[in-house]
Amino acid sequence: MTSYQEPIFDVAQLAHVEILSPKLEKSVEFFTRFLGMEVTARSEKSVYLRAYEDFYHNTLIITESEQAGVGHIAWRATSPQALLRRVEEIEKTGLGKGWIDGDIGHGRAYQFTNPDGHLMEILWDVEYYHVEEGQRSKLLNRPSKRPDRGVPVRRLDHINLMTSNPLADTDFLIDNLGFRLREQIQDNGHVLGSWISVSNLVHEIAYMQEPNGEKGKLHHLCYWYGIPQNLYDVADLLKDHGVSIEVPPNKHGISQAFCMYVIEPGGNRIELFGDAGYIITDPAWKPVIWDMKDVPGNGDTWIGTDFPVSWWTQGTPLTPVKSEEVAKS
Ligand SMILES: O=C/C=C/C=C(\O)C(=O)O
Ligand SMILES: [Fe+2]
């Protein structure tokens, strides 16, 4: 029997994401009033939130800032031992920043950056949300009752980051945290986008080329409904309340997820998933490689309207788009 390079199963999931907003309270209102999320804590500049089927104290942190963008991304290891193994590997890359005591909702975490400079952390100790008696659902696998506000999202799904170098960032997470490559967009050998995961999902994180080589940007943060009809409900609600819908309900080719994209009041792109697309169980999954020329109308949108140029060229913080062609090349 030939030996096979076994996957590294030390990272379990995307635990939480911090986004930055110049309109903190307007952003909080978007996530609570329209997406039914709950504020579980506030510090002087940050608000902590969860969706009603998130078991942890929070999965989203919104921090007041001059500009929109991403604050940090947190991964949960599969065990305390796995956490230490991954920290050892990250330290060898020289991109480690060191341990922090933790934050509201989690214990100590090891901070690092990916090659493009996005701030990340990996942890084990988390605080589970404490459900008040009146809030407990009779559906025992649901931590709290379905909220009676807006069209409530159920859980955090994934993050998509814009980077000056998708290949370097993809390889960093594959080599050091055990992510597996699921789908990739290439153009004459240049990697323009990667969808990578540590689970059966197609991605917990995706990287996309920032067309002008800007570093450290957010493309989008995604929450999950699991029911395509919910996207039509929330699109109707958001349209009536003047929230910008960049891409109406649509089926992706890449990931096959049913999705839509909106711009929250702070300026960040938020993706909403009807269903999360196909599931991967093959331990030897062969990455699906798309040539960029085949993507428009197939990889981005399988069924639905064309993606606007803004989807390919703009993330947050907003920077001048010098050449729109670069994004498509
Ligand atoms: O060609 C672009 C496909 C994008 C897919 C996603 O952002 C996703 O699956 O969430
Ligand atoms: Fe996405």
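User: How far is an oxygen atom of ligand 1 from an N or O atom in the side chain of His158?
Analyst: Good place to start! Bear in mind that this is a predicted model. A polar contact needs a pair of N or O atoms within 3.5 Å. The side chain of His158 has an N or O atom that meets this limit with an oxygen atom of ligand 1, and the distance is 3.1 Å.

User: Which residues come nearest to ligand 1?
Analyst: Ligand 1 has 16 residues around it. Ser255 places a polar side-chain atom 2.7 Å from an oxygen atom of the ligand, and for an N or O atom in the side chain of Tyr261 the distance to a ligand oxygen is 3.0 Å. The nearest residues are His158, His203, Ser255, Tyr261 and Glu271.

User: How much of the area that ligand 1 exposes when taken alone does the protein buries, as a percentage?
Analyst: Start with the ligand by itself: ligand 1 exposes 310 Å² when taken alone. Now put the protein back around ligand 1, and the share that is buried is 100%.

User: Which strands are the edge strands of the open sheet?
Analyst: Let's walk along the sheet, whose eight strands follow the order β2-β3-β4-β1-β5-β8-β7-β6 with mixed pairing. An edge strand pairs on one side only.

User: What is the bridge partner of Val17 in β5?
Analyst: Strand β1 covers residues 11–21 and strand β5 covers residues 69–77. The two run antiparallel and are joined by eight bridges. In β5, Val17 has as its bridge partner Ile73.

User: At about what angle does helix α1 run to β4?
Analyst: Helix α1 spans residues 24–34 and lies across β1, β2, β3 and β4. Angles here run from 0 to 180 degrees between N-to-C directions. For α1 and β4 (60–64), the angle is about 160°.

User: Which residues of α1 are buried?
Analyst: Buried means under 20% relative accessible area. An α-helix has 3.6 residues a turn, so residues three or four places apart point the same way. In α1 the buried residues are Leu24, Ser27, Val28, Phe30, Phe31, Thr32 and Phe34.

Methods:
Residues are numbered from 1 along each chain as its sequence is written. Chains are lettered from A and ligands numbered from 1 in the order in which they are written. This is a predicted model: local features need pLDDT of at least 70, side-chain atom pairs count only at pLDDT 80 or more; totals for chains, interfaces and linings use all residues. Side-chain values use heavy atoms; hydrogens and water are left out. Two strands pair if DSSP finds at least two bridges between them. Helices (H or I, at least four residues) and strands (E, at least two) are DSSP runs, numbered from the N terminus. Contact means heavy atoms within 4.5 Å. A residue is near a molecule or strand if one of its heavy atoms lies within 4 Å of it. A polar contact is a pair of N or O atoms within 3.5 Å; within protein, one must be able to donate a hydrogen and the other to accept it, and residues adjacent in sequence count only if both atoms are side-chain atoms. Accessible areas come from the Shrake-Rupley method with a 1.4 Å probe; for residues, only the protein chains shown count as cover. Buried means under 20% relative accessible area, exposed over 50%, partly exposed in between (1.4 Å probe, protein chains only).
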